[in-house]
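Hi,

Here is the structure I promised to pass on to you. Have a look at it first, and then read on for what I found in it.

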Amino acid sequence: MPGTSFSVDLLVVTPNQLRKINFKLSKDSKTDGSEEWTLEFGLNERKKTTDQFADVVKLTVKIKPAHNDKAESTAKKGLDDAQTSAAIAAGDSAKLFSEGKISKTTAQADARRVIAVRGS
Amino acid sequence: MRQTKPRLNRFLTSAVSVSVLLFAIAPAAAAQVCTRKDVSFYSNGNFRVRRVRIESPIDFMHAISSHLNTLKSKLPLQPSTVFTLEKSSEGRVIIEKALDELEEEDDPRSRVRVVLAGIDNCDENAAQPQLDVYYRVFTSNYNSYLSHTFEIKTDELQRPATSAATTTVETQTRGFLRVQPFVNYNRTRQLFGGTSARLRMPGAIFDAAEVSAGGSSAGNEQALELSGSRSPGSGPIKQLEYRVRYRHSDLPTGGNRVREGLIQAQFFAATSPLGPAGLLLRYGASLEGGNQQTDLATAAGGDSSQADSGYGGLKTYLGATLRTKSVSIAASYGLQLGTRGATTDLDFVKHVADVGFNARWLVKGKPGAFHKAVTLEGQLTGGAIKTLGTLPVSQRFFGGNGVRDFIESDTWRIRSGPYIRSLPENSLNSGSALGEIGGTGFYSANLTLAVPLWGYPLVPPEMAKDQKFMDAVEGQKESARKQLVFRHLNEIQAFRGLIADLKPVADELRELDNSLATLPGECAEPPDEEEDNRSELEKTRCTVKDLVFILRDQLKDENKEDLPSRLDATLKARDDSPTCIDDDTCSALKRLRVGLETLAPLLRPAGFTQVADTADRVKTSLAARQPTLVAAYNVIEASPEKQEAERLGTQDMKQLEPVLNSFINELNWFAVSPVAVFDVARLWPDKNGTRFGVGGGVRISVVNLNVTIGYAFNPSRKMGEGRGAMFFSLDVTDLFR
């Protein structure tokens, strides 16, 4: 039963119920034998808990092949401490990017770092 | 009585579900093995798709089964098309997007989801090689109220069950209007049927309007209800439910009839789970008024009761519900202050207490095997009415194999009468000297034991045995737990001192920001991340500028409360690795220092000496401060407070984890269990005394919906009574222990 691709997707709403963070890691196998890991980082917000969430930003970054093992470990074992903190920081960056305060390049680098900082 | 309304339509949908299931698990074509580990072998253009499957163990909860089936025709891989890995991935993405859209309606608080695409049944040696394509979907939403209550909102079960049942009803279920017929039988009501219609009203004060009407040759019942619920958040009102309802009924009680018209305005609220055990408290009140008529005027008058009268009342109720791994317990108390009509004179006071438990012991089996859970359910209920004036007959206690609830709610049930399965509904007091007008005191105790013998697991065996899939679920659980732990980091007081120590850093960053702002031009976004043709100076300057902005934003007073969870990324990350710069795994501060170190020499030749000096000075200062800050952070990391955050996060996770564990380790698509029942009940006044019910039957469980059918014997049979009575019940196993 070979797997050809998969995604693991974690959605967390902040305690004040106003912010929704979506962290999705997916792996795709290619016809040329390579594998590609992708990280998607989504942020939704609302002003009141009775409102619907609105999309703030969605970042999609390709994981460097050098970090494929870390992506595999993350999918299998979950985020470690460093990755969790990096994920929260990446959420901040995504928000700042959506507000035009920082560049997309920086926000994407911060999202990519979520995988890269894995310890082992 | 209210619970009898949707019984048969639920039963029918369950039966259809079982039929669908049996069809689904019918032996497929002889399975063939995909021998190559390198899946690109199958993507060389030679293999054609034999069939496409979408498997999901949880579609019953989200009404997605029909939606997923609809999606099949939109996937790029279809039977007889050439298989490629890229098209397989595209299909996975289409499924994920569809799930996203469905999820918008659910508004989940947190959830984990795994979607796995794969191939099997590869016919590698045929002239035309073929294979099957599958997509496995695992997702779970979480709601802390539903996951801690004894009862589970039956509506959650009805919607998906309906959509799974027939395609004709599907469009109605997925829209704003749902129309459902129902049919049922018991000896008291005879064969009765009717229809209910539910209109969703998103965005309004009430979430739904429902009207139902049903009847038989023995009686009839109609109801109109507006209901809503809100989840205001934490504290004393985590969940709020409210409804306005009008009900009219005309039902037999043995030789008597009780006719009622009643309007009710009701609310109840539930707290957040309290304490390590997750105790949940519920409380509420309702105001009701109407009128009632019965046939036994003389009998009623003989017991200070009113055969025909108005009725008004205030009900208050409170309760607690608790779940452990194996046992769920709910205890409720209700107080009713009633009048015989539009008067302020108090005519009667009713007390009702109801305690129920549900114990479930799982017998461990092999991965993918059908799960055997022995269940023991018990309920002890009692009540008393103190008559101060006259008591409307409809407000007395009636007993049998169907009893009325004290309040109207799908998520909180308080029995308001003696329940005994060996006697038909409303016929417990046939021995009363007054006639069948109910009683003013009662108790009943009920036990039900079920032992499953045969079934099929909810998570298909091939899924449960797929280590990659199960690992992905476990990984997501750990990610969710870490997120919860890091929320609690923000509550650690020791971080306050460290955050205060960051004040000079914030000052230096402000100075640096001001200095960088003097540089001419704006930072332009590269057209393509891979083709950044900006000059080294431009790139470094923009990177530094962004880093300064991010750090300053984190250190703002209004963001400081949330800073602890970001400090690892800000101060520490993988700075201990000598290659952290090349790997891009350094902390934000270190990346800033390195950026400044690169920037200063680039600025000087360009004539920006002053900015370069500032960059150098801030870099040196940060280099001096960071080790101290990291040391302080490490101390907190090793402190008992951090351990406490871990504990709290793990505890929070216990609210989510049972959902996942239930799906994987407990739930069956269906199971068949022999059932044994024992009841004892007593109503006052009733010269027949204590009554018993002993019997057995069979329980068919479709996921967590249990249909139990059996016969309870009446061992102390009295004049005019039958040998016993059929019993039929529909209930829900609590998934989220």
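The loop between β19 (668–684) and β20 (691–702) of chain B holds B:P685. The peptide bond that joins B:W684 and B:P685 is cis, with omega at about -5°. Please keep in mind that this is a predicted model.

B:N426 sits in the loop between β16 (391–392) and β17 (441–450) of chain B. Phi of B:N426 is positive, near 65°, and the residue is not a glycine. Is B:N426 buried or exposed? B:N426 counts as buried, because it has 28 C-beta neighbours inside 10 Å, where 20 or more are needed.

B:A573 is not a glycine either, yet its phi is positive, at about 40°. With 26 other C-beta atoms within 10 Å, B:A573 is buried too.

Now for chain B as a whole. Its secondary structure comes to 17 helices and 22 strands. Of its 737 residues, 47% count as buried. If you take the contacts in chain B with a separation of 6 or more, 68% of them are between residues 24 or more positions apart.

Start with β10 (residues 280–294) of chain B, which pairs with β12 (residues 308–323) of chain B in the antiparallel sense, over 14 bridges. One place to look is B:R282, whose bridge partner in β12(B) is B:G319. From there, go on to β13 (residues 327–339) of chain B: twelve bridges join this strand to β12(B), and the two run antiparallel. Here B:Y317 has B:G334 in β13(B) as its bridge partner. β12(B) and β13(B) form a hairpin, with three residues between them.

Next, the two chains together. How many residues of chain B are in contact with chain A? There are 62, and they meet 49 residues of chain A. On the chain B side, the elements that give two or more residues are α4 (85–106), β2 (110–123), α9 (467–489), α12 (536–554) and α13 of chain B. The largest share comes from α9(B), with 13 residues. Sorted by class, the side of chain B that touches chain A has 26 charged, 20 nonpolar and 16 polar residues.

Last, the nonpolar cores. The largest has 102 residues, and those with the most contacts inside it are A:A86, B:V114, B:L131, B:L592 and B:A615. Helix α2 (residues 81–98) of chain A gives the most to this core, nine residues.

Leaving out residues up to four places away in sequence, B:V114 touches A:F6 and A:V8 in chain A, and B:F138, B:F469, B:A472, B:V473 and B:Q476 in chain B.

Best wishes

How values were computed. Residues are numbered from 1 along each chain as its sequence is written. Chains are lettered from A and ligands numbered from 1 in the order in which they are written. This is a predicted model: local features need pLDDT of at least 70, side-chain atom pairs count only at pLDDT 80 or more; totals for chains, interfaces and linings use all residues. A nonpolar core is a set of buried Ala, Val, Leu, Ile, Met, Phe, Trp, Tyr and Cys residues joined through C-beta atoms within 7 Å. A residue is buried if 20 or more other C-beta atoms lie within 10 Å of its own, exposed if 12 or fewer, and partly exposed in between; C-beta atoms are placed from the backbone. Helices (H or I, at least four residues) and strands (E, at least two) are DSSP runs, numbered from the N terminus. Two residues are in contact if their C-beta atoms, placed from the backbone, lie within 7 Å. Two strands pair if DSSP finds at least two bridges between them. Ala, Val, Leu, Ile, Met, Phe, Trp, Tyr, Cys and Pro count as nonpolar, Asp, Glu, Lys and Arg as charged, and the others, Gly among them, as polar.
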